[in-house]
Amino acid sequence: MSNKTIHSSSGAHGGTPASSSSGGFFRWLAQRWQENPVYSTAAVLLVMVIIQTFALGFDYPSFADWFSGWGRNWINILRNNASVGIVALGMAFVIISGGIDLAVGSTLVAVGAVMMVLINGNANGLLTAIGITGIPAFILGILAALLMGCLIGYINGFLIARSKVPAFIATLGTMKICRSVTQQFMQTVGVKVPREFTAIANTKIGGEIILPVFYWLIIAAILVVVARKTPFGRHVYAIGSNERAARLSGINVERVKALVYVLSGLLVAVAAVINVARIGSMDYANAGSGYEMDAIAAVVVGGTSMSGGRGSIVGTVLGMLIIAVMNNLLNLIGVPPFLREAFKGLIVIVAVLLQKKDKQS
Amino acid sequence: MKVSMNGIVKSFGANNVLRQVDFSVEGGEICALLGENGAGKSTLMNILGGVLQPDEGTIELDGKRVSFHSPAQSLHAGIAFIHQELNLINDLRVYENMFIGREIRTPAGFINDQEERRQTEDLFRKLDIGIDPLSKVSLLDASYKQIVEISRALMMKASILIMDEPTTSLTDPEIERVFDMLRTLKKQQVGVVFISHKLREVMEICDTYAVLRDGVLVSSGLVRDTSIPLISRDMVGHDVRTESLEQNADLGEEVLRLHNLTLEPYYRNVSLQVRAGEVLGVTGLLGDGRSEVFRTVFGDMGKYQGQILIKGSPVRIKSTRQALKMGVAYMPRNRKENAIIKDMDILDNGTIVTLPRLTRMGLIRRREQLEQFEEQRNHLQIKMGSPRDAIGSLSGGNQQKVVLAKWLMTHPRLLILDNPTQGVDVGAKEEIYDIILQLARSGVAVVVLSNEAQEIIRVCSRALVMYHGDVRAEIAGETMTEANIMRLATGG
């Protein structure tokens, strides 16, 4: 929600509306900046991109070469973060509603495993065994994955909304269960992902593997509209800000809360499909691990309040990019991989400190 | 000790909150600081309490000029500010709360519980307070919490107490308990600034008064030389009416009937009916169960026994959503906790209930949303800047009107208003009464829940008085007097 007024104007009678155009463009920009944390997030990203551009250097024979190098670097960044980026979008809804979803990484593994068992190209593949192969099998596999994602999300949502288990605990539980059960069952199952399936993510467009990025941006665009333009979106904000008032406004709080986790599970399933298609296999012990923390980090860096009620989808995309660009930058200037996580931690803390300053005014 | 504030000026941006205000209070005096919401009372006291700094003007303690840059400095000088929301830690014991942040330590650095307990006991004995220092704060009722908080201030050697609306959440016997303590303090030469909306309490307990209006001190003097009508006139700037307003004479069909509605331990065997066009009052003291009865009707209390009939047909109401669909609207008490969504702007707060109806293909139609809200805004005369401003930028009365607006947009058959004028100033109160009567005239069945007998008399044609979950009596016309209501509400 980008046009929300965070800073109440100082006078008791309220300030002038943001749309007053008398002061010209800069005045308008300054005002929007103050009202909306997304602008400062975007500014931070811009600064980082400039530094990154310099770090990449200009040591190229021609501008075209430089540009294609720069662009390729960017495509890499975006592609590597598309899956987490999609998961972070769901996390944003969860956090805005006042909750948390720690189960995303393990859900990704569980969902991925179910799908792989279905589309398995070996003779022991479930669908292959009953004679369904190729595209119909892929469609069924993907549908099953999405359904499974929703189901795990619904279980989380049910525990949290109906049984009143704290979100942190409920999703901590499902997180443990999903990965452990998946690892046990998949121990002896040999899976071969059909080559054709990988086309979902790896088809080259203009010579680059860029499909995952498209998926990410399309989903983000849809979710921006959901957050800002639908009653569901408004209700999520309302519940995160004041659950009691939301209930007394006739909002079905339990249903909305459950749906938020279903949405998160669904997006995780999408990320799982992309990951499996991208890599052609899955490491059940490690795939998706750390996704929950990276997603939360993106949401927080994007200006969303951990206590719920405030935040935005656009901010979450920008937050993800900030973290990604920083990672890239650290790589470019040769910071050892082990240390990069420390910077990630640092930027999350700094982001929250800056938000705190915002709140006080 | 005597505190005097001279020529205090304070503005926030272009908004002049205080203009040359003189105010003083001394030991042994209870001074009422009065005024509507936004008159500048809180700002003035926040300056005295060190929370804010004045733009101009001086503060003197016994003739010596001082300036406070933090609440700690002000407290150190002997001025304690007791806020409306009490600052006690519920899970700790009374004596632990008395020393929170200033614990007495043993030489080894551990907390000296014994000494803390002893000092607390001493103070309670001196002030004649019958609280066990060992009991948990969460087990105390609101008045005792208030008393613990006051005692804590005294433990810190405060000689001037600022109390911000201390009685709003207290029942009558509880208020009496706090007043007893204030009288004791007075004898011990403690000075009290008593911020309140309740003029009758002021007449009872205060010695002097000062009235602020729009940041200007409009009158002050001895309480015994003035009267409630005079003070209220000073507060609003014109005369305040107290007589019963003209009621709607032609009532329509029955909208709500409750038959032996029971939900232990809150209330039992509640039977009543409300007809279209009627304003029914339900009153009582804290803990009478009236809110719970009507929260049940709104689907917010879960399972119940007995019957609810809406327009003659029996219904089982299980959720607020369901109640909303049946044409029931409920404006809760305690606006801040139950009705205001502080992270949302005025427009979203005002349309949150009807949002699903303002959509096309699942998307909210912004123009429709604005139009609907503007209609209510004009009708209710909400004073505000842009609909996109934060809800917190509005005064209490206007916030309340926004909450009312979101319900009126649903065109309810039955409108339940729980403490509709809580935290609303006198002027806005009258406006809300007018709106209530207007709605009744247009055929809405209105139920007003209130703990103010005057409010019930003013807007309701008929009222029920509840006591500890039982309906004691129905009153109307002749029998609807303050004395009668008080008698019934206290179980008499």
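Predicted model: local features only at pLDDT ≥ 70, side-chain atom pairs only at ≥ 80, totals over all residues.
Chain A comprises 15 helices and two strands. Its radius of gyration is 22 Å, in agreement with the value near 21 Å that a compact globule of 361 residues would have. Taken along the principal axes, the C-alpha atoms of chain A fill a box of roughly 70 × 65 × 35 Å. Of the 361 residues in chain A, 52% are buried. When contacts in chain A between residues at least 6 apart in sequence are considered, 76% join residues at least 24 apart.

Within chain A, the axes of helix α10 (residues 231-241) and helix α12 (residues 253-279) come within 10 Å and cross at roughly 105°. Because a crossing angle of 65 to 115 degrees counts as roughly perpendicular, α10(A) and α12(A) are assigned to that class. On the side of α10(A), the contact is made by A:Phe232, A:His235, A:Val236 and A:Ile239. The residues contributed by α12(A) are A:Val253, A:Val256, A:Lys257, A:Leu259 and A:Val260. By class, the residues of this contact divide into seven nonpolar, one polar and one charged. A:Lys257 of this contact also belongs to a network of salt bridges that links A:Lys164, A:Glu243, A:Arg247, A:Glu254 and A:Lys257.

Over all chains, a search of the whole structure finds 38 salt bridges. In chain B, B:Asp345 and B:Arg388 form a salt bridge in which the closest N and O atoms are 2.4 Å apart. B:Asp345 lies in the loop between α11 (335-338) and α12 (346-351) of chain B, while B:Arg388 lies in the loop between α13 (366-380) and α14 (396-408) of chain B, so the pair ties together parts that are 43 residues apart in sequence. The two partners fall into separate accessibility classes: B:Asp345 is buried, at 1% relative accessibility, whereas B:Arg388 is partly exposed, with a relative accessible area of 21%.

B:Arg388 additionally meets the side chain of B:Asp348 in a salt bridge, with an N to O distance of 3.9 Å. This pair likewise links distant parts of the chain, since B:Arg388 is in the loop between α13 and α14 of chain B and B:Asp348 is in helix α12 of chain B, 40 residues apart. B:Asp348 counts as buried, at 3% relative accessibility. A further salt bridge joins B:Arg295 and B:Asp300, whose closest N and O atoms are 2.9 Å apart. B:Asp300 has a relative accessible area of 12% and is therefore buried, the class being defined as under 20%.

In helix α8 of chain B (residues 228-236), the buried residues are B:Ile231, B:Ser232, B:Asp234, B:Met235 and B:Val236. The elements of chain B that cover these residues include β3 (30-34), α7 (199-205), β9 (208-213), β10 (216-222) and α15 (426-441). Just after α8(B), B:Gly237 takes a positive phi of about 90°.

Positive phi values also occur in chain B at residues other than glycine. One of these is B:Gln20, with phi near 55°, and B:Gln20 is located in strand β2 (residues 15-26) of chain B. B:Gln20 is exposed, at 52% relative accessibility. Another is B:Gln381, for which phi is about 50°. B:Gln381 is placed in the loop between α13 and α14 of chain B, the loop that also holds B:Arg388. With a relative accessible area of 53%, B:Gln381 is exposed. Both glutamines are classed as exposed because their values, 52% for B:Gln20 and 53% for B:Gln381, are over the 50% limit of that class.

Finally, the peptide bond that joins B:Glu264 and B:Pro265 is cis, with omega of about 0°. B:Pro265 is situated in the loop between β11 (254-263) and β12 (267-275) of chain B.

Notes. Residues numbered from 1 in each chain as written. Chains lettered and ligands numbered in written order. Heavy atoms only, no water. Salt bridge = Lys/Arg side-chain N within 4 Å of Asp/Glu carboxyl O. Buried < 20%, exposed > 50% of the residue type's maximum accessible area, 1.4 Å probe, protein only. Helix = DSSP H or I, 4+ residues; strand = E, 2+ residues; numbered from the N terminus. Axes fitted to C-alpha atoms, helices over the stretch in contact; angles between N-to-C directions. Parallel < 35°, antiparallel > 145°, perpendicular 65-115°, else oblique. Contact = heavy atoms within 4.5 Å. Nonpolar A, V, L, I, M, F, W, Y, C, P; charged D, E, K, R; others polar. Rg over C-alpha atoms; globule rule 2.2 N^0.38 Å.
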